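Please walk me through this protein chain.

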Amino acid sequence: EEERKHVDGCAIFFNKTKFSLHKEKYIDYSQLAIANAEGADDMINRVQTKDNIGIVVCLDIKEPSHGTRHNKLVILNTHINWDPEYSDVKLIQNIMFMNEVEAFVKEIKGAYGIPMVVCGDFNSTPDSAVIEFLIKSQISTEHHEFHGLKYHGFLKKANGECLGNKNGSKHFKHGFKLKSCYSEHLMDELRYTNYTYDFKGILDHILHSKETLRTVGVLGGIDVEWLRENKIIGCPNVHYPSDHFPLISELELINPNSR
């Protein structure tokens, strides 16, 4: 019980008048690292020591919108390791996360046709391997953000047969087609989701399934003039209680053929 006090936390809240909980899963990356170490010291010494988690829920839509066939919605939330020196850990945690989500979705009737929203403090910038993996649905096992460390045993076990390409490199992949709620243009305007005294940038993200959801609107970035006028050089502070700024996205359910 004492050890559990040091485990990370995430939450997903939903409107009970519109949704009901169909299924849920708690994902502990530390425990997954132990289960998937495959004799690799790096899984134990680097990944297992981090207390980050993820959660995934499937919600039943009580009154599906007219004209859409969707009656369920899958929501993901996670908090990935913060340390920029451990980009390999961030990537492995994210791969474990999506691998667990795939297993979760396969147990639900309708499988990959279910709309999905992916949220989280990924502690990863838009140009990182973590976000590349989410959006491109694959990442090279030789990606430089693995730092040349030996995770191949885990990658092979988790993915079965890796996807090879013409030059002989191999990739780990996931089976979802995702896109960010924030376009490249909106990313430029967003500027910050994390605003500390020694780092300022975008680390938090909302993505959704391409074929079943579309972004209707998003919350814009923090007012830079407000930061300047109040002489805010980092958060948290007396004006703002967190080092992160919120992201909000309004999404619309669509049928695959109506895009």
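## A buried asparagine in a loop

Asparagine 123 is buried, because its relative accessible area is 10%, and buried means under 20%. The model described here is predicted. Asparagine 123 sits in the loop that links strand E4 (116-121) to helix H4 (129-136). Its phi is positive, about 45 degrees, although asparagine 123 is not a glycine.

What does asparagine 123 contact, once neighbours within four places in sequence are left aside? The list is His79, Ile80, Asn81, Trp82, Lys90 and Leu203. One of these, Lys90, belongs to helix H3. Lys90 also takes part in the contact of H3 with H4.

## The chain as a whole

The chain has 259 residues, and 46% of them are buried. It holds seven helices and 13 strands.

## The six-stranded sheet

Six strands form an open sheet. Their order is E1-E2-E3-E4-E11-E8, and the pairing is mixed. Strand E1 (19-28) and strand E8 (178-180) stand at the edges. Each has a single partner strand, so one side of each has no neighbour in the sheet. From one strand to the next, the twist averages 20 degrees.

| Strand pair | Direction | Bridges | Residues standing opposite |
|---|---|---|---|
| E2 and E3 | antiparallel | seven bridges | cysteine 58 and valine 74 |
| E3 and E4 | parallel | six bridges | asparagine 77 and cysteine 119 |

Is strand E3 (residues 72-79) enclosed or open? Seven of its eight residues are buried, so E3 is largely enclosed by the rest of the structure. E3 runs antiparallel to E2. With E4, E3 runs parallel.

## Helices H3 and H4

Now for the helices. Helix H3 (residues 87-106) packs against H4 at an angle of about 25 degrees. Their axes are 9 Å apart. That angle makes H3 roughly parallel to H4, because angles under 35 degrees count as roughly parallel. The crossing of the two helices is right-handed.

Which residues of H3 and H4 meet? From H3 come Lys90, Leu91, Asn94, Ile95 and Met98. From H4 come Ala129, Val130, Phe133 and Leu134. The residues of this contact divide into seven nonpolar, one polar and one charged.

H4 has buried residues of its own to account for. They are Ala129, Val130, Ile131, Phe133 and Leu134. What covers them? The cover includes H3, strand E5 (138-140), strand E7 (170-173), E8 and strand E11 (204-209). Two of the strands named there, E8 and E11, belong to the six-stranded sheet. Serine 137 follows H4, and its phi is positive, near 70 degrees.

## Two further loops

Arginine 191 lies in the loop between helix H6 (184-190) and strand E9 (194-195). Its phi is positive, about 65 degrees, although arginine 191 is not a glycine. Is arginine 191 buried or partly exposed? It counts as partly exposed, because its relative accessibility is 41%.

Another loop runs between helix H7 (224-229) and strand E13 (249-253), and proline 236 is found there. A cis peptide bond joins cysteine 235 to proline 236. Its omega is about 5 degrees.

Definitions and conventions: Residues numbered from 1 in each chain as written. Predicted model: local features only at pLDDT ≥ 70, side-chain atom pairs only at ≥ 80, totals over all residues. Heavy atoms only, no water. Helix = DSSP H or I, 4+ residues; strand = E, 2+ residues; numbered from the N terminus. Buried < 20%, exposed > 50% of the residue type's maximum accessible area, 1.4 Å probe, protein only. Contact = heavy atoms within 4.5 Å. Pairing = 2+ DSSP bridges. Axes fitted to C-alpha atoms, helices over the stretch in contact; angles between N-to-C directions. Parallel < 35°, antiparallel > 145°, perpendicular 65-115°, else oblique. Left-handed = near helix turned anticlockwise from the far one by under 90°. Nonpolar A, V, L, I, M, F, W, Y, C, P; charged D, E, K, R; others polar.
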